[in-house]
Amino acid sequence: KIDIPLDYRFHIFARNRLTTIYEKKGVISSFNVLHLGYSPIDNLSIIVEADFLSGNIPVPRAGLEYKKRLFNNLLLLYTTLHIAMQQDPDLASITNIAAMPEIATDLKAVISVENITTLDFTLPHKSSTQRLRLGLDYKGYQAGAACDLTEKGNSGELSYNCGGFVKIIK
């Protein structure tokens with residue numbers, strides 16, 4: 001994940017997330033996001049982005065992003081709402097609350113709760129995923145336990161995936 005301020009009001013954000021597709025042994029799926037944000041006021045940005053999922057064409061999106069650090073930078077609140085600009089558009093919302101309290105010098109706990117919901121204008125509920133991450137951060141290197149719970153469609157078909165995560169923040 002890369003978040004680079006270009007100047008006072010513009011930033012570029014890029015993220016790559018690799019996951020294993022358990023039903024297909026040995027297959028790795030990649031999800032990539034590249035977005036440009038313009039912040040007309042503090043903490044709020046207008047974003048344009050492209051999402052890339054393995055084997056699919058990029059999906060252009062536009063929307064709003066809100067990011068705020070609270071309690072002396074202990075807690076980060078991040079939320080975004082964006083629409084896919086394509087023939088069959090969907091509306092996506094991502095909300096993340098994360099904390100990194102210090103345990104010792106250079107060592108922090110990592111606690112992150114995230115909800116991702118996608119609504120289709122015909123379905124209407126396409127999918128929702130809740131993510132929980134608990135781990136440790138040592139000088140920007142993170143690792144720990146991870147669990148995702150996903151509901152698909154209006155029927156609410158449930159699936160879960162638990163394991164670990166590794167993240168480098170530099």
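At 29% relative accessibility, cysteine 147 counts as partly exposed, a class that lies between buried, under 20% relative accessible area, and exposed, over 50% (1.4 Å probe, protein chains only). The model is a predicted one, in which local features need pLDDT of at least 70 and side-chain atom pairs count only at pLDDT 80 or more, whereas totals for chains, interfaces and linings use all residues. Residues are numbered from 1 along each chain as its sequence is written, and side-chain values use heavy atoms, with hydrogens and water left out.

Cysteine 147 forms a disulfide with cysteine 162, the two sulfur atoms being 2.1 Å apart, where a disulfide is taken as a pair of cysteine sulfur atoms within 2.5 Å. Cysteine 147 belongs to strand β11 (residues 141-152) and cysteine 162 to strand β12 (residues 157-168), so the pair ties together parts that are 15 residues apart in sequence. Cysteine 162 is likewise assigned to the partly exposed class, with a relative accessible area of 44%. By the rule stated above, the count comes to 1 disulfide. In general terms, such a link is a covalent bond between the sulfur atoms of two cysteines.

With regard to overall architecture, the chain contains 0 helices and 12 strands, helices (H or I, at least four residues) and strands (E, at least two) being DSSP runs numbered from the N terminus. The pattern read along the sequence is accordingly β-β-β-β-β-β-β-β-β-β-β-β. The radius of gyration is 17 Å, close to the 15 Å that the globule rule gives for 170 residues, so the chain is as compact as a globular protein of that length; the radius is taken over C-alpha atoms, and the rule is 2.2 Å times the number of residues to the power 0.38. Along its principal axes, the C-alpha trace spans about 50 × 40 × 25 Å, and buried residues account for 29% of the 170 residues. Of the contacts (heavy atoms within 4.5 Å) between residues at least 6 apart in sequence, 30% join residues at least 24 apart.

Strand pairing, which requires that DSSP find at least two bridges between two strands, was examined around β7. Strand β6 (residues 75-84) and β7 run antiparallel and are joined by 9 bridges, leucine 81 standing opposite serine 93 in β7, and these two strands form a hairpin with 5 residues between them. Strand β7 is also joined by 10 bridges to strand β9 (residues 107-120), again in an antiparallel arrangement, with alanine 98 opposite serine 112 in β9.

Aspartate 90 is found in strand β7, which covers residues 90-99, and is buried, with a relative accessible area of 4%. The side chain of aspartate 90 makes a polar contact of 3.2 Å with that of lysine 126; a polar contact is a pair of N or O atoms within 3.5 Å, of which, within protein, one must be able to donate a hydrogen and the other to accept it, residues adjacent in sequence counting only if both atoms are side-chain atoms. Leaving aside residues up to four places away in sequence, aspartate 90 touches a set of residues including Arg61, His82, Thr118 and Asp120. The C-alpha atoms of aspartate 90 and phenylalanine 165, 75 residues apart along the chain, are separated by 28 Å.

The side chain of aspartate 148 is joined to that of arginine 131 by a polar contact of 3.4 Å and to that of arginine 133 by one of 2.9 Å. With residues up to four places away in sequence not counted, arginine 131 touches Arg17, Ser112, Val113, Glu114, Ile116, Cys147 and Asp148, whereas the residues touched by arginine 133 include Arg17, Ser112, Cys147 and Phe165.

The structure holds 1 aromatic pair, defined for rings of Phe, Tyr and Trp (its six-membered ring) whose centres lie within 6.5 Å, with planes under 30 degrees apart counted as stacked, over 60 as edge-to-face and the rest as tilted. The rings of phenylalanine 10 and tyrosine 38 have their centres 4.9 Å apart and their planes at 45°, so the pair is tilted. Phenylalanine 10 lies in strand β2 (residues 10-21) and tyrosine 38 in strand β3 (residues 27-41), so the pair ties together parts that are 28 residues apart in sequence. Phenylalanine 10 counts as partly exposed at 33% relative accessibility, as does tyrosine 38 at 35%.
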